[in-house]
Amino acid sequence: MDTVGSTEDLASPAAQRILPRRWLDVRAVLGIALLLGSMIGGARLFAAASHETAVWAAAHDLAPGERLSAADLRQVQVRLNGAADGYLTGAAPAGYVVVRFVAAHELLPAGALAASARADSSRLVTVPVQVGHLPPDLAPGDRVDVYTTERSTAGPGGARAGAAPTLVLAAAVVQSRPSGGRSFGADAALSVVLVVPADRVADVVRAAESGAVDLVAVPAGGGGGT
Amino acid sequence: MTLSVITAIADPRWEADLVAGLTRADGVTVVRRCVDVADLLATASAGIARGVIASSDLRRLDRDVVTRLDLMGVAVVGMVNADDKDAEQTLRRLGIVHLVCADAPLDDVVERLRTAVDGLGTTQPARPPLAPAAPDEDAAPVDLGRLIAVWGPTGAPGRTTVAIGLAAELAAAGQDVVLADADVYGGTVAPALGIVDDGAGFASACRLANAGRLDPAALATLARALNSRLRVLTGIARADRWDEVRPSAAAAVLSLARTMAPYVVVDCGFCLEEDEELSYDTAAPRRNGATVTALQQADTVVAVGSADPVGLQRLVRGLAELRDAVPDAAPVVVINRLRPRVAGPGDPKRQITEALQQFAAVTPAAFVPLDQAALDKAVIDARTLVEAAPASPARLALADLAVQLMGERAPALLASASPRRTWRRRG
């Protein structure tokens, strides 16, 4: 008995059946892709955000001429975004000499340090300055122009009338100044330590010996020519 | 011998001529001139007539009425207009074999009546009349598919699982199969296969058959094709719609289905009781009539039992009921849900075989192991075992059963129980 001949003509409509349950459906794939994408993206973002460099910062105010030791420095983690070349990474730059003033907590720029040999070209010279002849808020690191006025032989402490002040040294860096004056009196002098290039030390010393010294503050960013 | 006849002719002109003619004819008495079907049934049930002449335009003359007249021992002769082919076909589909034309000579009408009344004794009265093609099985055996009725006792022995599995295996073996869900207590073939069409194909087909309007094209339209081989007639989803599945109509649907496919697998209800007879209400619709009809018509009855003590007891009792309802059925017993732990010590197959031989005098033809994982997968995916779990032991057992039922027609392919390419694989 074979299939009845008329069966082919009498096709039945195809049954509408519920779709089989599939664990791999579009929504699951999309969901997993979304999850993985956000995980990878988040991880990359986090890695980029935490891409920090260990650089050195000043533990306290560093004046030019100061020879660095490990105690003067602190290592901090910062994100430099490609500007890392200007800063010091790696081992502590102990033994180097500061050539620019660096305040406490500031990052230590590579340009502020010099090897000992080069740093030897400057000297610290103590200059006596009368109260009232220096900026009242003078602080280490400030730049000052040093003027001298020939002292008259007639009276001690009095400037010779008509003598013109002379610029001895422009834009010298203040290394330190003693705080406050304990002595009262018009002729009380303060000792200010200046960083002076070695070849100018004689000029500064002579100026200090020969007359009264005035320190004129160079505003920040103002005194260009040294 | 005088032939007492009822007339039930809607058209008054025919009726007057016919009655006048029959009254004059020798040996024929018109005992009542009925005007409608209710009148006809009441008169016939009084047992005063042996024949009825009913016209094709008589309202509410359907297959159920013809079947009941047949069961009352009243032969029906249909009367149609000579050129009304549709009416003639409808009457034939209602199960009326003897037809006369309205303008036929009176002698022809009487001759038809006598033939019909004589023919009544030769058909088996216990059986509902079959569709026109069915009675002459010997004449055209090549055109009729085999009817496999899957039945099981009360409980849930897995009738639907076995019916679906069997149909799927037959289809996988390259045979055209119609799977009909004739469960009058609520069919579950559609949900088990994930078919979301609303209509109950089998019930719709029964309604059409009852009205005499079912033809192969209509049945094919009501069926749903699961694949190129397997078609499904879904059953009633709600148990209270059993009224739509009348026995005589179910018989007609199954007979027609057999002309469409070499195999028709029927998922039957469990109950065989005929409570209506207890109340002597033979005119009441019989709920389990469709089940009994399907079992009577079936070439093979597959009786499914569950492989546990309770299930086996129910099976033994059910087989006895089956023997009462369908004496000539030789059920193929399938033990479903076979698992070792509930069958007692020793080989469970041997234990169950011995028990059934002792208590029911049958030998199980197949044991279907309980492969819960595969069955769960099949039911959650709403797919057959062939689709969902082709390597499952349960599926292989059903494939073996299909091979047994196909006999020599089984292709060698199925013996290896490999999944066929015709099945859509889920991609």
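A residue is buried if 20 or more other C-beta atoms lie within 10 Å of its own, exposed if 12 or fewer, and partly exposed in between. By that count, 51% of the 427 residues of chain B are buried. The model shown in every view is predicted.

Figure 1. The predictor assigns the complex an ipTM of 0.70 and a pTM of 0.63. Chain B has a mean pLDDT of 86, with 90% of its residues at 70 or more. Chain A averages 78, and 81% of its residues score at least 70.

**Figure 2. Chain B contains 18 helices and 13 strands.** Buried residues make up 51% of its 427 residues. Take the contacts in chain B between residues at least 6 apart in sequence: 73% of them join residues at least 24 apart. Two stretches of chain B call for caution in reading. Over residues 123-142 of chain B, pLDDT stays under 50, and the model has 25 contacts beyond four places in sequence for them. Over residues 413-427 of chain B, pLDDT again stays under 50, with 21 such contacts in the model.

**Figure 3. Helix α6 of chain B, residues 159-172, is mostly covered.** Buried residues account for 14 of its 14. At 1.5 Å a residue, these 14 residues should span 20 Å. The end C-alpha atoms of α6(B) lie 19 Å apart, which agrees. After α6(B) comes B:G174, with a positive phi near 90 degrees.

**Figure 4. Helices α10 and α12 of chain B pack at an angle of about 35 degrees.** Helix α10(B) covers residues 247-260 and α12(B) residues 289-297. Their axes are 8 Å apart. The crossing is right-handed. From α10(B), the contact uses B:P247, B:A250, B:A251 and B:L254. From α12(B), it uses B:G289, B:A290, B:T293, B:A294 and B:Q297. By class, the contact has six nonpolar, three polar and no charged residues. An α-helix has 3.6 residues a turn, so residues three or four places apart point the same way.

**Figure 5. Helices α13 and α14 of chain B cross at roughly 35 degrees.** Helix α13(B) runs over residues 309-325, and α14(B) over residues 348-360. The axes come within 10 Å. This crossing is right-handed. Helix α13(B) contributes B:L312, B:V316 and B:L319 to the contact. Helix α14(B) contributes B:I352, B:A355, B:F359 and B:A360. The contact has seven nonpolar residues, with no polar and no charged ones.

**Figure 6. Chain A has three helices and nine strands.** From the N terminus, its elements run α-β-β-β-β-α-β-β-β-β-α-β. Buried residues make up 22% of the 226 residues in chain A. Among contacts in chain A with a separation of 6 or more, 69% come from residues 24 or more positions apart. Of the elements in chain A, α1(A) has the highest mean pLDDT, 92. Helix α2(A), residues 116-119, has the lowest, 57. At residues 1-7 of chain A, pLDDT stays under 50, and the model has eleven contacts beyond four places in sequence for them.

**Figure 7. Helix α1 of chain A spans residues 26-49.** The helix has 24 residues. From first C-alpha to last, α1(A) reaches 34 Å, close to the 34 Å expected at 1.5 Å a residue. The number of buried residues in α1(A) is zero, so the helix lies largely in the open.

**Figure 8. A:A92 sits in the loop between β2 and β3 of chain A.** These strands cover residues 73-78 and 97-98. A:A92 has 17 C-beta neighbours inside 10 Å, so it counts as partly exposed. Leaving out residues up to four places away in sequence, A:A92 touches A:W56, A:A70 and A:L73. A:S69 is 23 residues from A:A92 along the chain, and their C-alpha atoms are separated by 8.3 Å.

**Figure 9. A:A217 lies in strand β9 of chain A, residues 211-218.** A:A217 counts as partly exposed because it has 17 C-beta neighbours inside 10 Å. Not counting residues up to four places away in sequence, A:A217 touches A:P135, A:D142 and A:V144. A:A172 is 45 residues from A:A217 in sequence; C-alpha to C-alpha, the two are 9.6 Å apart.

Methods:
Residues are numbered from 1 along each chain as its sequence is written. Chains are lettered from A and ligands numbered from 1 in the order in which they are written. This is a predicted model: local features need pLDDT of at least 70, side-chain atom pairs count only at pLDDT 80 or more; totals for chains, interfaces and linings use all residues. Axes are lines fitted to C-alpha atoms, for helices over the stretch in contact, and angles run from 0 to 180 degrees between N-to-C directions. Helices (H or I, at least four residues) and strands (E, at least two) are DSSP runs, numbered from the N terminus. A crossing is left-handed if the near helix is turned anticlockwise from the far one by less than a right angle, and right-handed if clockwise. Two residues are in contact if their C-beta atoms, placed from the backbone, lie within 7 Å. Ala, Val, Leu, Ile, Met, Phe, Trp, Tyr, Cys and Pro count as nonpolar, Asp, Glu, Lys and Arg as charged, and the others, Gly among them, as polar. The expected span of a helix is 1.5 Å times one less than its number of residues. pLDDT is the predictor's confidence in each residue, from 0 to 100.
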